[in-house]
Amino acid sequence: MNNINYHRELEKIISGEHNRKLLLHSCCAPCSSYCLIYLYKHFDITCFYCNPNITDKDEYEKRLAELSRLIGLIGAEYDCKDTLKLAVCEYEPERFIENVRSAQLETAPEGGSRCGMCFRMRLEKTYEAAVAGGYDYFATTLSISPHKNAGLINSIGSDIAKRGEGPMWLPADFKKNNGYLQSIKLSEKYGLYRQNYCGCEYSKR
């Protein structure tokens, strides 16, 4: 899986796509910034804020508010208000903690099996919402982070998409083509809050 150029795969797909419906799992505003500007010409995008791993409620609400603000700013600047939306998943931090404890992953290292479980948990919810909403594709902004394994993320997304005749997985490695650097510049431009940890209490430690 690590030998696949996911950025090239994404470019092949979007070159022929216009106005298809994409449910984009959005972890936060900084990570979403570059992804939205890269994709908005090709898709009718709904950002799906589904992050039960953010176990601090104030942090969860702060990141949600910033994502909502970013969507408004990009919608106005790029004239895509009608094709850029926000949907919010039910907040279930207790479910995330329960899953971590039941799998005995409290002490797993960052980037290890706990993160893989977290990716799958969020992407499964995104897929379910995409099925219910009649979306053509589902994807995530997570791969823009240099701390996230794009091969693992895409492997999980692709595996989930094989469940049935629902939405297709949109492969991506958004950190490529200076995507991560662009997200930093966009965060500065829009004055976005940039958190210094992923979201769960384990990464915060």
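The secondary structure of the protein chain comprises eight helices and five strands, where helices (H or I, at least four residues) and strands (E, at least two) are DSSP runs numbered from the N terminus. Their order from the N terminus is α-β-α-β-α-β-α-α-β-α-β-α-α. The chain is as compact as a globular protein of its length, because its radius of gyration is 16 Å, close to the 17 Å given by the globule rule for 205 residues; the radius is taken over C-alpha atoms, and the rule is 2.2 Å times the number of residues to the power 0.38. The model is predicted, with local features requiring pLDDT of at least 70 and side-chain atom pairs counted only at pLDDT 80 or more, while totals for chains, interfaces and linings use all residues. Residues are numbered from 1 along each chain as its sequence is written, and side-chain values use heavy atoms, with hydrogens and water left out.

Along its principal axes, the C-alpha trace spans about 45 × 40 × 30 Å. Of the 205 residues, 52% count as buried (under 20% relative accessible area, 1.4 Å probe, protein chains only). Among contacts (heavy atoms within 4.5 Å) between residues at least 6 apart in sequence, 76% join residues at least 24 apart.

Serine 32 is located in helix 2, which covers residues 29-39. Serine 32 is buried, with a relative accessible area of 0%. A polar atom of its side chain lies 2.6 Å from the backbone oxygen of cysteine 28. Apart from neighbours within four places in sequence, serine 32 is in contact with Ser26, Leu67, Leu70 and Thr141.

Notes: Buried means under 20% relative accessible area, exposed over 50%, partly exposed in between (1.4 Å probe, protein chains only). A polar contact is a pair of N or O atoms within 3.5 Å; within protein, one must be able to donate a hydrogen and the other to accept it, and residues adjacent in sequence count only if both atoms are side-chain atoms.
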